[in-house]
Amino acid sequence: MRIQNVFVYGRDFRFHPGSVAVRDGKFSSVDLTGKPAGENKSDGEIADGGGAYLIPGLIDLHFHGAVGADVCDAREEALAAIAAYELSVGVTSICPATMTLPVSELNRVLAVLVDYAEGQEERSRRPEAGRRPEASYVGINMEGPFISRSKKGAQDQENIIPFSMEVLEGFLDASRGLVKFIGIAPEENRDSLDFIREVRDRVSVSLAHTNADYDVAKRAFDLGASHAVHLFNAMPAYSHRAPGVVGAVCDSPWVGAELIADGVHIHPSVVRGIFRMLGEERMILISDSMRATGMEDGSYTLGGLDVIKEGKCARLASDGTIAGSVSNLADCMRVAVREMGLPLETAVRAATYNPARELGLQDELGSIAEGMQADFILLDQDLRLKAVYKAGQGV
């Protein structure tokens with residue numbers, strides 16, 4: 001199959017008039033010259049993209065659920081519903097985040113998730129008739145339980161525990177390599193910060209739900225922590241005398257930073273400013289969506305806590321704390337462009353290549369290039385979704 005008359009998002013993170021060809025689930029050729037493609041029988045069907053933007057499939061590396069389901073439900077039906085919904089909106093690869101639950105429950109969640117992910121790989125080789133196409137589970141982002149009570153946000157403080165290498169080893173064993181990020185609050189684990197050196201080659205260490213000051217956060221990054229969970233949220237405010245975690249991220253160029261651009265969590269000026277401060281190559285758009293995403297207003301749960309969804313916002317019923325988001329990553333990317341003033345090229349990078357790189361999957365996903373997996377979407381000039389392709393197959 002060849003799709004022509006499109007604006008292709010190239011590896012230089014810019015759009016080019018051109019065309020792409022797909023064979024056996026991968027891009028077999030990518031033309032960025034804008035010239036009509038010559039006839040090639042091996043290309044098969046020729047489709048006219050109608051001047052659409054052709055970009056990589058989006059990759060959400062921090063979200064909890066959607067359409068009434070949460071990954072921590074640890075049920076096949078829930079995981080299937082989430083994966084089908086995400087693909088339907090243009091998110092082709094997903095790395096869900098776990099909540100702060102009892103250790104035994106987290107180990108069960110990890111085991112169910114990895115079994116489901118491995119089953120997806122098997123089903124991709126032998127598709128089941130009548131089964132809805134799905135986004136691929138490519139990792140797990142452990143947001144807790146080694147976090148700070150003072151910055152717990154919508155996490156259940158009853159399940160917060162100090163860092164334990166034994167517990168971490170159990171998580172890594174249960175996930176069989178699918179855990180890609182382990183979150184910590186370094187100020188709660190100062191005596192054991194050196195563990196970062198021990199595990200940084202096996203799993204990315206992130207600062208999550210932390211009250212660390214600049215010095216403690218910077219030490220964690222200098223020891224090898226390489227990721228920051230939803231920057232600005234559930235951490236100290238950035239100020240000129242106390243720059244905190246945000247300042248430590250700015251001074252640590254190897255650190256990737258998540259950002260929730262749903263129009264609720266962060267002011268547009270702050271979004272524009274942090275992209276300038278860190279540079280577009282380090283920013284990662286996430287949704288942090290919870291089970292109320294794609295659902296009507298009402299009562300839901302997150303990590304065992306009651307949540308009220310009203311419009312674009314979800315809050316804990318107990319105290320009004322913002323509890324994740326109710327936006328998917330595709331809508332966050334649109335908000336970042338339409339309402340926050342980010343260039344489209346920058347927002348696409350932050351929702352595709354950057355998360356792929358952070359997951360260590362940049363040689364397979366997140367780019368439009370020969371040999372890469374043909375996960376891509378078409379957007380019209382108003383950024384409305386026209387089509388979704390997973391491994392070269394239209395959804």
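**Entry 1, the model.** I am working from a predicted model, and I keep that in mind for everything below.

I began with helix H1, residues 76-88, and looked up how it meets H2; their axes come within 10 Å and cross at roughly 55 degrees. That angle makes H1 oblique to H2, and I noted the crossing of the two as right-handed.

I then followed H2 to H3, where the axes come within 8 Å and the crossing angle is roughly 20 degrees. Since angles under 35 degrees count as roughly parallel, H2 and H3 are therefore roughly parallel to each other. The handedness I recorded for H2 passing H3 is right-handed.

For another pair I turned to helix H8, residues 329-338, and helix H9, residues 344-351, which pack with their axes 9 Å apart and at an angle of about 150 degrees. With the cut-off for roughly antiparallel set at over 145 degrees, H8 and H9 are therefore roughly antiparallel to each other.

Is Asp173 buried or exposed? I found that Asp173 sits in helix H3, which spans residues 165-175, and that its relative accessible area is 58%. Exposed means over 50%, so Asp173 is exposed. I also checked Asp173 against Ala97: the two are 76 residues apart in sequence, and their C-alpha atoms lie 17 Å apart in space.

The largest pocket has a volume of about 1100 Å³. Of the 37 residues that line this pocket, the closest to its centre are Gln120, Glu121, Ser124, Ser136 and Lys390. Which elements give two or more residues to the lining of the largest pocket? I listed helix H2 (103-125), strand S10 (136-137) and strand S22 (393-394). H2 gives the largest share of that lining, with eight residues, so the helix that I had followed to H3 came up again here. By class, I noted 12 nonpolar, 10 polar and 15 charged residues in the lining of the largest pocket.

I put the volume of the second largest pocket down as about 210 Å³. It is lined by 18 residues, of which His209, His230, Asp288, Ile322 and Gly324 are the closest to its centre. How many residues of each class are in this lining? For the second largest pocket I recorded seven nonpolar, nine polar and two charged residues.

The residues that line the largest cavity are Pro56, Gly57, Ile59, Thr92, Ser93, Leu365, Gly366, Ser367, Gln373 and Asp375. When I sorted this lining by class, I had three nonpolar residues, six polar and one charged.

Terms used
Residues are numbered from 1 along each chain as its sequence is written. This is a predicted model: local features need pLDDT of at least 70, side-chain atom pairs count only at pLDDT 80 or more; totals for chains, interfaces and linings use all residues. Side-chain values use heavy atoms; hydrogens and water are left out. Helices (H or I, at least four residues) and strands (E, at least two) are DSSP runs, numbered from the N terminus. Buried means under 20% relative accessible area, exposed over 50%, partly exposed in between (1.4 Å probe, protein chains only). On a 1 Å grid over the protein atoms alone, a cavity is a set of points where a 1.4 Å probe fits but cannot get out, and a pocket is an open set with protein on both sides within 12 Å along at least five of seven lines; lining residues have an atom within 4 Å of a point. Ala, Val, Leu, Ile, Met, Phe, Trp, Tyr, Cys and Pro count as nonpolar, Asp, Glu, Lys and Arg as charged, and the others, Gly among them, as polar. Grid points are joined across faces, edges and corners, and a volume is the space filled by probe spheres set on the points. Axes are lines fitted to C-alpha atoms, for helices over the stretch in contact, and angles run from 0 to 180 degrees between N-to-C directions. Angles under 35 degrees count as roughly parallel, over 145 as roughly antiparallel, 65 to 115 as roughly perpendicular and the rest as oblique. A crossing is left-handed if the near helix is turned anticlockwise from the far one by less than a right angle, and right-handed if clockwise.
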